Amino acid sequence: MDLLLWMNRTALELVGQSGLGYSFDSLEEDAATHRYSTSAKQLVPLLLKHQFPRTYLLPILVKIGSAQFRRRVLNMLPIKTLHKLRDIIDTMHGTSVEILESKKKALEEGDEAVAHQVGQGKDILSILLRANMEASEDEKLSDEAVLAQISTLIFAAMDTTSGALSRLFHLLATNPDVQSKLRAEIVESRKRFDGDLPYDQLVALPYLDAVVRETLRLYGPVSVVMRATREDVVLPLSNPITGINGEQIPEIFIPQNTKVIVGMRASNTNAELWGPDSFEWKPERWLKPLPKGVVDAHLPGIYSNLMSFLGGGRSCIGFKFAQLEMKVVLSVLLESMQFSPSDKKIFWQMNGIASPTVDHVTNLNNQLPLIVERLKK
């Protein structure tokens, strides 16, 4: 079965219910995949196909004429990938509008209407809209700003987490000893609590935590990001480099508005910090003290000496939610299912967000075919 499809559906539904109080998917086998899920998975690969014009032409083009004029010009351009990108963005925006309008209507109708919605008004969007209704005019967010928050929340929480979960199951399928050990830990813990694990118990399971951390270290969904300096800065180097004149360079001057590529995976796999096995997937490394080099480096990441969720004011605000989501899905599925490799060769595309496909790198229809069997009790 295509596990990526199910992880996309699961991640979208979890963020839909908890973040937006909205259900995208019943998660029944024959239920149609929500149009947002299909569109979101194709967005990043298509954006990368237009990396040059987006970076250098788009800032100029958006200043020409009105939005309607630019839309008419786009519609006339004989470029199929641009039209596909247009349709994807229309779908994502339309879904956000639909969610926002349903929330606003429920809040206007009162508590009884809110109580009948998914999340019963405890989701992030409902809380935001209530605060917006009570705020002064100069502090209120416009509908455009709220829509932007919805789009960011859905897209950021769905694509990266579903990719991380898919990578986890792929690794477990190809490492059956790890899968068996992890399943044993989960089953034993469930026996002690006679059913669903309490939050504190779930997040504290040592081997489950080690598997998640090691996967996010070596195979984070995003391997690089781009940032721009807001002022002139001097970047100190952890190790000086030798210039062409033979002199040692301990730091680099970076002017304002310079684009800087941050290699999170390069940091997470730095052999000087993590040791000679830094490119090997070894969950056991988290069951003992970390190497001294990692501790002494004082990496700025917000999670476990890693840069997977970045750091500082632009770090991922949903990193705790993502970890919890991964652990919940693993604990539920591994208890009753066995995952094994299929006869298909899996290739992971590093196209902004790591995505699995079969055999070739040009496939926009990403997939992760694995053999899934129900365990006999």
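Guide: Let's start with one side chain. Contact here means heavy atoms within 4.5 Å. Leaving out residues up to four places away in sequence, L182 touches L172, Y207, L208, V211 and L334. Before we go on: this is a predicted model, where local features need pLDDT of at least 70 and side-chain atom pairs count only at pLDDT 80 or more, while totals for chains, interfaces and linings use all residues. Residues are numbered from 1 along each chain as its sequence is written, and side-chain values use heavy atoms, with hydrogens and water left out.

Visitor: Which residues touch the most other members of the largest nonpolar core?

Guide: The general idea is that in soluble globular proteins, nonpolar side chains tend to be buried together. A nonpolar core is a set of buried Ala, Val, Leu, Ile, Met, Phe, Trp, Tyr and Cys residues joined through side-chain atoms within 4.5 Å. Buried means under 20% relative accessible area, exposed over 50%, and partly exposed in between, with a 1.4 Å probe and protein chains only. Here the largest core has 44 residues, and F169, L182, V212 and L330 touch the most other members. Elements supplying at least two residues each include α1 (3–20), α8 (143–174), α9 (176–193) and β6 (346–351); helices (H or I, at least four residues) and strands (E, at least two) are DSSP runs, numbered from the N terminus. Apart from this core lies another, of 25 residues, among them Y22, F24, L129 and L147.

Visitor: Is T10 buried or exposed?

Guide: T10 counts as buried because its relative accessibility is 15%. T10 lies in helix α1 and, neighbours within four places in sequence aside, is in contact with L27 and V329. Compare Q120, in the loop between α6 (111–115) and α7 (124–134): at 51% relative accessibility, Q120 counts as exposed. Q120 and G21 are 99 residues apart in sequence, yet their C-alpha atoms are 7.2 Å apart in space.

Visitor: How does β2 pair with β3?

Guide: Two strands pair if DSSP finds at least two bridges between them. β2 and β3 (residues 248–254) run antiparallel and are joined by 6 bridges, with P236 opposite E251 in β3. The two strands form a hairpin with 5 residues between them, and G246 in the turn has a positive phi of about 90 degrees.

Visitor: And how many cavities of 30 Å³ or more does the structure hold?

Guide: The structure holds 1. The largest cavity has a volume of about 30 Å³, and its lining is L216, R217, G220, V222, S223, M264, R265 and N268. α12 gives the largest share of that lining, 3 residues.

Methods:
1 Å grid on protein atoms, 1.4 Å probe; cavity = no way out; pocket = protein on both sides within 12 Å on 5 of 7 lines; lining within 4 Å. Points joined across faces, edges and corners; volume = space filled by probe spheres on them.
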